Amino acid sequence: MPEFMIYVIGGVAIVLASAIFFFVGSAHRKRTAEATIGSAEDEARRILSDAMKNAEARKKELIIEAKEEIHQLRTETDRDLRERRNEVQRQEHRLQQKEETLDRKIDNLEVKEENIQKRAKEVEEKLLETEKVKKSQLELLERISGFSAEQAKEHLLSILDGELAHEKAVKILDYEQQMKEEADQRARDLISHAVQRCAADHSSEVTVSVVALPNDEMKGRIIGREGRNIRALETATGVDLIIDDTPETITLSSFDPVRREIARLSLEKLILDGRIHPARIEETVAKATAEVERTIKKEGERAMLDAGVHNLHPELVRLLGRLRYRTSYGQNVLNHSLEVCHLAGLMAAELGEDVSLAKRAGLLHDIGKALDHEQEGSHIQLGVEVAKKCKESEMVVHAIHAHHGEVEAKTVIACLVQAADAISAARPGARRENIESYIKRLEKLEEIANSFNGVERSFAIQAGREVRIVVKPNVVSDDQMVLMAHEIAQSIEKELEYPGQIKVNLIRENRAVDYAK
């Protein structure tokens, strides 16, 4: 047999063997799977049977537990119902008792009301009888005293008024004396310490400046041809040049001290240079103006450093420098402001107040005087406006507003500035007063005193620091003198402006005169 056929027969045999093995294996696997499924179904039926038995047992247990719980709830509910029923019965019992008590009280109140009505009728009858008795007694008293009821009342009130006036006068006198002694002692110590520690020189300044000339020929050169030079100088500076018979001097007159200083510097430069004509005058005045502005700035900065006050607005520094050329009754206002600054600071230190704030308010209190030559309004109003504009604190603005009593001083700092201002102005030699205003103030002082009823005559003495008032003894009693002195002092405070204080001295004198013959 050929070799090829052998290979074919072998291949066919292998294929047939493989098919037989496949079918035999499939049958075996099928029988195995069917046996496994049968055992699984038996196991499932067994598990289901056990589960049904367990469920029935659990169901019986739950039914038993539910019945027990229902029985327990029913028992508790019955117990609660019994307790609530008992509580309701107790409440009904208490309400019944309260109703019985209220009924008894109402009965008692009705009885009391009847008794009160009876008593009210009895009281009314007694009041009528009392009124009749009172009326008869009043008529009897009127017949005995000779006064009607109104007259007797007025008489009693007048007596009481007199007694009260006496007691009031005594009390006022005692309190005023005690307060005055304590305040005087405290103020004396405070001011003496402040004044002792602040010494200042006083020099009276004027509203005119005098320029010395090398010779009298210079007067003619200053006047110029047909007066053109003097007119140009007066026009450029706003200052009057007074050229009189006084040898080798020219007087500059102006109420604006800055203009007067510019004119003085300009005239001195022109005299030193020798070239005097309108064009040169204008150039020299411009240079003098710039020089004075620089001086004003330096003086303001110096004053700020001397006072120990910092962080001032540049406008306030410039205005402080302008005060160097401003005077008040002959007193230099910048020196006065520095002195008030130091005095206020010393007194604030003695009282434990804010020293820096007191010094700041004292330095700026007269700042408005740097503007009152240029703007309308009092120096107080101008000072308040510029302080507000420069963002100063309310306490500083209030101290400026109140330092002359234009408004009531509401802070200790304002009171200290008032006192320091009065001390600085009242120092001997610090100021000279216009004689006309001085006389008017004295006349006004006597006029206020004479306006009161019972004043015979009055005398202003001690340069207006005291007013002596002679009263009529038959009109003003000793007790009334105390009240009158107080009223006169209040009128003077309201109607008169004055530095320091004024003593009101009342004199009452009875004289009995007879002659031996």
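This is a predicted model: local features need pLDDT of at least 70, side-chain atom pairs count only at pLDDT 80 or more; totals for chains, interfaces and linings use all residues.

Modeller: Residues are numbered from 1 along each chain as its sequence is written, and side-chain values use heavy atoms, with hydrogens and water left out.

Colleague: What percentage of the residues of the protein chain count as buried?

Modeller: The protein chain has 14 helices and eight strands; helices (H or I, at least four residues) and strands (E, at least two) are DSSP runs numbered from the N terminus. Buried means under 20% relative accessible area with a 1.4 Å probe, counting protein chains only. Of the 517 residues, the buried share is 29%.

Colleague: Which strands are the edge strands of the open sheet of three strands?

Modeller: The order in this open sheet is β6-β7-β8, with mixed pairing; two strands pair if DSSP finds at least two bridges between them. Strands β6 and β7 (residues 466-471) run antiparallel and are joined by six bridges. The strands that pair on one side only, and hence form the edges, are β6 (455-461) and β8 (503-508).

Colleague: Which helix packs on the sheet, touching β6, β7 and β8?

Modeller: Neighbouring strands of this sheet are turned by 20° against each other on average, direction ignored. The packing helix has a direction that makes about 150° with that of β8; angles run from 0 to 180 degrees between N-to-C directions, and axes are lines fitted to C-alpha atoms, for helices over the stretch in contact. The helix, spanning residues 478-495, is α14.

Colleague: Why are α5 and α6 described as oblique to each other?

Modeller: The axes of α5 (residues 257-273) and α6 (residues 278-307) come within 8 Å and cross at roughly 130°. Contact, meaning heavy atoms within 4.5 Å, involves residues including L265 of α5 and V285 of α6. Angles under 35 degrees count as roughly parallel, over 145 as roughly antiparallel, 65 to 115 as roughly perpendicular and the rest as oblique. The pair α5 and α6 is therefore oblique.

Colleague: Which helices are included in what covers the buried residues of α10?

Modeller: Helix α10 covers residues 379-389, and its buried residues are H379, I380, L382, G383, V384, V386 and A387. After α10 comes K391, with a positive phi near 65°. The cover of the buried residues includes α7 (314-322) and α11 (394-402).

Key:
Buried means under 20% relative accessible area, exposed over 50%, partly exposed in between (1.4 Å probe, protein chains only).
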